[in-house]
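Here are my notes for you on this one. Have the model open while you read, and take the points in order.

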Amino acid sequence: MRWMWVIYLVFLAVPAWAQDRLALVIGNNQYESVPVLQKAVADAEAVSRQLRALGFETFEGLNLDRRGMNQRISEFTAQLEAGDTAFVFFAGHGVEIDGENYLLPTDIETPFAGETDFVKSESIALSNLLNRVRSTGARTSIAIIDACRDNPFETTAGRSIGGTRGLGRIDAPQGMFVIFSAGAGQMALDRLHDNEAEPNSVFTRALLPRLAQPGLELRSMVADLRREVRDLSRTVQHNQVPAYYDELLGEFYFTPAAVAAPSVDTVTLPIEKMRADLELARSVGTVSALDTFLETYADQSTDYTYEIALQLRAGLQDPETPAPAVIQDSKQVMQATQAALNALGCNAGGADGVAGPRTKRAFADYRRASKSNLGADDLGTRHALDELEGKSGTICVAAPAPTAPRTTASSAVSLSGSWSFKATCALVVKVTGSVRYTRAGSNKFTGSLTDSLGQKANTVVYLNEQELNGTDYFPGITVTWRGRLSEDGNSFTGSGSTGCSVFAWRVG
């Protein structure tokens, strides 16, 4: 379900004024023990000039040994703050070993056969570099690696080292966009021929003018870039098509479009700022911070972000108002839950603080009789207890006579039909929606989903007995989740990859 979107909304939004643009640019030509490159330093210098002109604070390093690379990376990440734009550019040699990609410093020594651990320890793991950038909380992270895709011991015109064919495919961290200068099994050309006058590599000469092109969104830029690099490489009967790995949330422009008539991007910017300011108010965590936010955006009171702020504000006490006693211990919460269930006529047995079979049945009886939106996994939570204690009278009635057992054949159990759902995520944010499933195989169901945020997704779910494994495909984001279908097949609970909980019930 789209409950993961709320995690993005609440936790990845950042202060709007904390949006500095910083770049780490490294170019290595003068390798001591592996083939020297001709264009990497010139590429780094050209990219640095272009980025500075675009307002980036640039951390440049040329012909760096391992210590120098580590030092420059540390200086760069130390300056990054939550909300910043982080850009990384590396031109030089690289290698893939055991599924990991390594960027090589100039003092890397030629390894003997089998000395893969030596290369690993004496170079910079790309995944480590990307994770260090991600851990800073940078809002947008882009990495361009103009490095190896083939073995330089076989050809000195390329950028590569090692026993495998170039850099391996990667899983980019969420929030990152990573570009390799060539595709899998291809060599990234350092130059088209030995005597060319062009100062930059094939990839970088195509990249530079696009960085300064107004209104060119990153993905469109990469599409154009790939075509030009392909066409350039074909002039020397070579095949090079850059690869990219997109986990970036939202759009990005190195050079925004000139101000003219309002566009989709200019319309959405105030909403992005609103979400960013909400995260600032949430991180401050005071009544006054949230009140200031609500006052500032009073004219946006119909926006879902404003509703989240209202929920957060409602959960805070004014300093002069004494806070009510809160049950903190989970056993105490369960004991109070059992007592509340008993008071409503739902037989939970003794209030021993243990969620045994009787307590679970009592909670299920309550949810069914009251038509509550709570899920089975809510038993023993503070918000479930609050709902129970807010009820009065007799809720539960005698259970109906048992029905015939459902067949256990997987083909007989079905999700087909219409469902409504409620997802509860961080900060007690709730999202509702609907989904309609159609059988697409013996245990496969497909459907279309909409939620209260106005988002839509295609979904695929596999049902094995009562176990559910689903994937929801939203524009720009994919959510995986697992759940369990109830015995009567009319409801299910689940949790997504972000830890949000969901309860769904059949409506048709």
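1. Start with helix α2, residues 40–53: it lies across β1, β2, β3 (85–91) and β7 (140–146), and it runs at about 170° to β2. Helices here are DSSP runs of H or I with at least four residues, strands are E runs of at least two, and both are numbered from the N terminus. The angles, from 0 to 180 degrees, are taken between N-to-C directions of axes fitted to C-alpha atoms, for helices over the stretch in contact. This is a predicted model, so local features need pLDDT of at least 70 and side-chain atom pairs count only at pLDDT 80 or more, while totals for chains, interfaces and linings use all residues. Residues are numbered from 1 along each chain as its sequence is written, and side-chain values use heavy atoms, with hydrogens and water left out.

2. Now the strands under discussion. They belong to an open sheet of 6 strands, in the order β2-β1-β3-β7-β8-β9, with mixed pairing. Which strands stand at the edges? Those are β2 (57–62) and β9; each has a single partner strand, so one side of each has no neighbour in the sheet. On average, and ignoring direction, neighbouring strands of this sheet are turned by 10° against each other.

3. Have a look at the β1 and β2 pair. Strand β1 (residues 21–27) runs parallel to β2, and 6 bridges join the two; strands count as paired if DSSP finds at least two bridges between them. Leucine 22 stands opposite glutamate 57 in β2.

4. Another helix to check against the sheet is α7, which lies across β7, β8 (176–180) and β9 and runs at about 10° to β8.

5. On to salt bridges, meaning a side-chain nitrogen of Lys or Arg within 4 Å of a carboxyl oxygen of Asp or Glu. By this rule the count is 12. In one of them, the side chains of arginine 219 and aspartate 246 meet at 2.7 Å, N to O. The pair links distant parts of the chain, 27 residues apart: arginine 219 sits in helix α7 (residues 218–234) and aspartate 246 in strand β9 (residues 243–246). Arginine 219 is partly exposed at 26% relative accessible area, and aspartate 246 is partly exposed at 30%. For the terms: buried is under 20% relative accessible area, exposed is over 50%, and partly exposed is in between (1.4 Å probe, protein chains only).

6. Arginine 382 has two partners to look at. Its side chain meets that of aspartate 386 in a salt bridge at 2.9 Å, N to O, and that of glutamate 389 in a salt bridge at 3.8 Å. Why are aspartate 386 and arginine 382 about one helical turn apart? Because they are 4 residues apart in helix α13 (residues 382–389).

7. Is serine 491 buried or exposed? It counts as buried, because its relative accessibility is 16%. Serine 491 lies in strand β16 (residues 491–496). Leaving out residues up to four places away in sequence, serine 491 touches Trp419, Arg484, Leu485, Ser486, Phe503, Ala504 and Trp505; contact means heavy atoms within 4.5 Å.

8. Last, confidence. The mean pLDDT, the predictor's confidence in each residue from 0 to 100, is 78 for the protein, and 77% of its residues reach 70 or more. Over residues 1–18 the pLDDT is below 50, and this stretch has 78 contacts in the model beyond near neighbours in sequence. Residues 399–411 also stay under 50, with 12 contacts beyond four places in sequence.
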